[in-house]
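Hi there,

Here is the structure I promised to pass on.

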Amino acid sequence: MSDIHARMEALEERLGDPFDPANPAGFAAVVAADEREEVPAGGATALDEFGILAEFVPEALGGRLERVDHLVELMRSVYRRDPSLGLGHCSSSLLGAVNVWTSGSPEQRRDAADLLLAGSKISCAFHELAHGNDIGSVEFAATPTDGGLLLSGRKESITNLDRADAVVFLARTDPAAGPRACSQLFVQVKNLDPGRVQFLPRFRSVGMRGVRLGGITVDDCPVDTDALLGTAGTGMETVARAFQLTRVALPGMSTAMLDTALRVTLHHVRRRRLYGKDVAAIPMVRTTLANAFADQLLCEAFASVAARSLHVLPDSGSVYAPAVKFLLAGTLLDALEQLSLVMGSEFYRRDGEHAVFQKMARDIKPVGFGHIARAACLSAMLPQLPVLARRSWRDAAPAPASLFVADAELPPLDLAGLRIVAGGRDGLATALNAVLDDDVPAPLRPLIETHVRRLATLTEACAGLKPRDLSIAAEVEVRELAATYTTVLAASACVGVWRNAPAGDFLSRPEWLVAVLTRLLGITSGRPDDVPSEVEGALVEELLDRDDRTVSFGLSARRYR
């Protein structure tokens, strides 16, 4: 067993059985803390004792971060219990630190590592409510002055801002507009003049209630020039690289919310009888359960392949990351909505053994707009689609097998080496064109052919796009091309996982792939088709077996508490 697998088991053991009402990190404690707009103290203590923030520190700096896919899988153990604990106590520090790993000096990286290894938090202060996802329009300024910089402005709705020991600010260092007008600064809070800094009252939220969202106003606060991450004017370039990791990792971690919602739904329906039969046997219920299971596998397959692509295909993260964010957010939101229909009135309860369901249904909402909104994801992909269509999508070449194999050897993660634009390179989409060269089981071939044709149609449509078609004001039909592209990538990722699965494993069987490829055909329209009836039974059987064995509903099928 590798070290990461041992750590996953150790973390599960430390956090304990979430269904145990006496567990201080269990669902009962989580829901009670959520009512107080807090995270469970017992869960936070368990994570601190585990040293969870070391998971976000590269191995070269004394931490445990080696592979993005391993980090995502480990953090699912936290998110499946309490997403507020996962974001507020843990991965919000990743949002800030990844910028330091990308562009920081050796001294800055060492300082950030020391903070996290000691259990201190790093906040990421990029957004301003007036500008939403348009972070390039920030007004918060770092003005050069004799011997340093003066910080002035306002940041709002920032996680952990009032209890962080360091902050990564995105600031305007050039009053002129343009791609090099902004810089990033890594500032330790102890070095800020308290007389020139005011923390704003906490922002309260509907979901993720335990996450502390705050704000800050700064009035001509001096900082040294060595606070700059990289050189002045490279702030947006650092964002473009660093966010490739976080826009894959955070949605990937969030799939654990669907795992919990599905598990709670199963606990509910497997013990109830309606209309003279077990609820779990009612056709509509069985179909909804099979759909949710297929969506879980789909989301984890796409996220895992994209996470490994940061190691294997570093040219392509600029399109894969927003694609993952867009597709996973929509799929997870819809899956929770459909499961809530099965839960019925139990979905509304804030007490009792199923109360964590309503918390997951609220906590999943920010996956659609937090960090970057789904609409902004489409805008991020659009400008690259014509070049991809002309240079890559007509090719047919297998992708590296290491993209699809959980324990394959991967090159080291090089955040500074990630490309800001893909340059027309897309090894994942083109791999879909090569699949039909091999033997494909009869139930799968027509579905794969449909997705290959979808890529061909997309290629022709995108190759003819003009620069004027690609702005933030792009027509709905053009934006739908970017949405369709996400389904092509996801289809190729799932096919690759299936082709490379060990013989005898559930993932090596065609049924789940038939299910997800069918779901993908309508998923971007918000009307995904139900899992085909001929494979529904196999999915429900596997789902119930995993529930009985208390293992993950995702790709790993690893043991849960």
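Aspartate 278 and arginine 273 form a salt bridge, with their closest N and O atoms 3.0 Å apart; the term stands for a side-chain nitrogen of Lys or Arg within 4 Å of a carboxyl oxygen of Asp or Glu. Aspartate 278 is partly exposed at 39% relative accessible area, while arginine 273 is exposed at 54% (buried is under 20%, exposed over 50%, partly exposed in between, with a 1.4 Å probe and protein chains only).

Before going further: this is a predicted model, in which local features need pLDDT of at least 70 and side-chain atom pairs count only at pLDDT 80 or more, whereas totals for chains, interfaces and linings use all residues. Residues are numbered from 1 along each chain as its sequence is written, and side-chain values use heavy atoms, with hydrogens and water left out.

The whole structure holds 45 salt bridges. One of them joins glutamate 12 to arginine 81, at 2.9 Å from N to O. Glutamate 12 belongs to helix H1 (residues 3-15) and arginine 81 to the loop between helix H4 (68-79) and helix H5 (83-103), so this pair ties together parts 69 residues apart in sequence. (Helices are DSSP runs of H or I with at least four residues, strands are E runs of at least two, and both are numbered from the N terminus.) Glutamate 12 is buried at 1% relative accessibility, and arginine 81 is buried at 1% as well. There is also a network of salt bridges that links Asp34, Glu35, Asp82, Arg209, Arg350, Lys359, Arg362 and Asp363.

What about disulfides? Taking a pair of cysteine sulfur atoms within 2.5 Å as the rule, the count is zero. The sulfur of cysteine 90 has its closest cysteine sulfur 16 Å away, in cysteine 124, too far for a bond. For cysteine 182 the closest is again in cysteine 124, at 13 Å, also too far.

Cysteine 182 does touch threonine 234, as do Arg180 and Leu229, leaving aside residues up to four places away in sequence (contact means heavy atoms within 4.5 Å). Threonine 234 sits in the loop between strand S8 (228-229) and helix H7 (235-269) and is buried at 10% relative accessibility.

Lastly, helix H14. Its buried residues, among them Leu447, His451 and Cys462, pack against helices H12 (385-391), H13 (427-434), H15 (476-499) and H16 (510-520). Turned away from that buried side are the exposed residues Thr457 and Glu460.

Best wishes
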